[in-house]
Amino acid sequence: MPHHEIKPKSLKSIITASSVGTLIEWYDFYIFGSLSTVLAMQFFPKSNPTAGLLFTLATFAAGFVVRPFGALVFGRLGDRVGRKHTFLLTLILMGGSTFLIGLVPGYDTIGLFAPLTVLLLRFVQGLALGGEYGGAATYVAEHSPKNERGFYTSFIQTTATLGLFVSLGIILSVRQSMDADAFNSYGWRIPFLASAVLVAISIYIRLRMDESPLFAKIKADGNLSKNPIKESFGKKENLKLVLIALFGATAGQGVVWYTGQFYALSFIQKTCNIEFVQSNYIIATALLIASPLFIFFGWWSDRVGRKYIIMTGMILGVVFYRPIYQKMYSLSDIAKKTEMENMQSIHRHRTTKPTGDTVVTNSLNRVYSDRTVLVETKKTTTSKDNLITVENKRETLLSGDTYWWMVALITIQVIFVTMVYGPIAAFLVELFPTKIRYTSMSLPYHIGNGIFGGLTPLIATSLYEFSKTESNPSGDPVAGLWYPIIVAGICFVIGMFFLSNKKSERHE
């Protein structure tokens, strides 16, 4: 079917098929990160929980690091074999790996083979995701009218955030349907196994899709690239475009994306000490409020161009991240609040586990004038051999205006995300020729997002830890923001000088 004859109904089904598959892949990718503390207990020796968590986070990061390699492998396939078959393969690989992670026996059963198997499956996930996004974005763009590419590809842009939203929703619903011990024992497997149903539906939808009309045309004309990798990065002109795309757009876009969603969640959980379930509700609410703006900014970029919307999102992050995070920290800073001592309450709970261990939990609830509650919990476990372990925990629960202030501050960050991310697919697609498009756009996207973006929580948290000194043991809570601010700032300068705001039509 000629490109300009694609009907709106057909285009709607194309976007739905591409978006659903990409959403499911992001869901598969995120449940691992969201469950990292639980997985650490399952796949690593319990004797050193801190090392277990660090190895689990490293395994999570491995999925990001291999994404650029997936972009090369599947980008080449996409430019040689076709868009449809390639991102059908990435979906099967991602879905299969996720399902298998849900079946891997724990460390107690198979020892070191447990973490090694999970690491291998995580590598496959990262490779698959490296090929998925470029395929979906290219496929939708090549079906879309030239003057509406920003609008139609913005639906693909919503899938990463919606995948995170769905993963949080399913994990919370499973967690709240059972007690903590049952969830930590077997309940965590349910989100992994459930993805098999979602993947099966998506495979069925994608099998019924046709090849991209632009790819079909260059294939029929015998104009396929013989070596997409060599043409993308061996030719000076295309390599220059790849480097400008990376350092003028996707690296900055990646750090803004991960700061506004992942680092924000990490910050309110670890630095602000907000209770686990409430912190997830805060992020989920902000995502729900701001996500429609992905579509808006994609649509608007068709009218005013991509560059200035993306650049504005970056510079807003550079200017406002520190004041936003300082305000977030002050909302939860108990030292600045007035305690209402007459509202203190103490709760004591005693249980005996099937193993014979006795657990006594003492909770002290401190209430402050703005209705913030600080819960100080002391959990004492006495084993049947009379070994005693004590676990202390402090968690903050926000209430009323303070809660909604926190939601608003996260929502502002997600708005920055929608500005940099909404138009980026159309921008990348239009930068490169059809015959090497899949390969050329996938690599800068996945280095920018997978490496620069994916490492944001780790680097930002490390900078915060380094800021702790003997004279200031609590450190500078916003020290971690220097990483996204510097990367986004450099990208803004390069992008303003080297990127064009005009949509390219020379490659069609």
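Where is the place of Ile490? Ile490 sits in helix H21. The structure is a predicted model, in which local features need pLDDT of at least 70, side-chain atom pairs count only at pLDDT 80 or more, and totals for chains, interfaces and linings use all residues. Residues are numbered from 1 along each chain as its sequence is written, and side-chain values use heavy atoms, with hydrogens and water left out. Helices (H or I, at least four residues) and strands (E, at least two) are DSSP runs, numbered from the N terminus.

Ile490 belongs to a nonpolar surface patch. The patch covers about 540 Å² and is made by Leu463, Phe466, Trp482, Ile486 and Ile490. Patches are made of residues with over 30% relative accessible area and no salt bridge; like charges are joined within 9 Å, and nonpolar side chains (Val, Leu, Ile, Met, Phe, Trp, Tyr) within 5 Å. Accessible areas come from the Shrake-Rupley method with a 1.4 Å probe; for residues, only the protein chains shown count as cover. Helix H20 (456-466) and helix H21 (482-498) each supply at least two residues of the patch. H21 gives the most, with three residues. Ile490 itself is partly exposed, at a relative accessible area of 48%. Here buried means under 20% relative accessible area, exposed means over 50%, and partly exposed lies in between (1.4 Å probe, protein chains only).

Helix packing was examined next. Two packed helices are described by the angle between their axes and the distance between the axes. The axes of helix H2 (residues 36-43) and helix H9 (residues 180-187) come within 10 Å and cross at roughly 65°. Axes are lines fitted to C-alpha atoms, for helices over the stretch in contact, and angles run from 0 to 180 degrees between N-to-C directions. H2 passes H9 in a right-handed crossing. The contact is made by Val38, Met41 and Gln42 of H2 and by Phe183, Asn184 and Ser185 of H9. Contact means heavy atoms within 4.5 Å. A crossing is right-handed if the near helix is turned clockwise from the far one by less than a right angle, and left-handed if anticlockwise.

Two buried positions were also characterised. Gly33 lies in helix H1 (residues 8-34). Gly33 is buried, with a relative accessible area of 18%. Gly33 and Ser167 are 134 residues apart in sequence, yet 9.9 Å apart in space, C-alpha to C-alpha. Thr259 lies in helix H13 (residues 236-271). The relative accessible area of Thr259 is 0%, so Thr259 is buried. Leaving aside neighbours within four places in sequence, Thr259 is in contact with Ala264, Tyr321, Tyr325, Gln413, Thr456, Leu481 and Pro484.

Charge pairing follows. Side chains of opposite charge can pair when their charged atoms come close. A search of the whole structure finds seven salt bridges. A salt bridge is a side-chain nitrogen of Lys or Arg within 4 Å of a carboxyl oxygen of Asp or Glu. Lys337 and Asp370 meet in one of them (2.6 Å, N to O). This pair links distant parts of the chain, 33 residues apart. Lys337 is in the loop between helix H16 (307-332) and strand E1 (345-352). Asp370 is in the loop between strand E2 (358-367) and strand E3 (373-382). Lys337 is buried, at 16% relative accessible area, whereas Asp370 is partly exposed at 26%.

Glu376 takes part in two of the pairings described here. With Arg366, the N to O distance is 3.1 Å. That pair links Glu376 in strand E3 to Arg366 in strand E2, 10 residues apart. Arg366 is partly exposed, at 22% relative accessible area. With Arg394, the N to O distance is 2.6 Å. Arg394 lies in strand E4 (residues 388-397), 18 residues from Glu376 in strand E3. Arg394 is partly exposed at 44% relative accessibility. Elsewhere, Arg149, Asp302, Arg306 and Glu430 are linked in a network of salt bridges.

Backbone geometry was the last topic. Phi of Asn273 is near 70°, a positive value in a residue other than glycine. Asn273 is found in the loop between H13 and helix H14 (276-290). At 27% relative accessibility, Asn273 is partly exposed. Phi of Arg371 is near 75°, a positive value in a residue other than glycine. Arg371 is placed in the loop between E2 and E3. Arg371 is partly exposed, with 45% relative accessible area.
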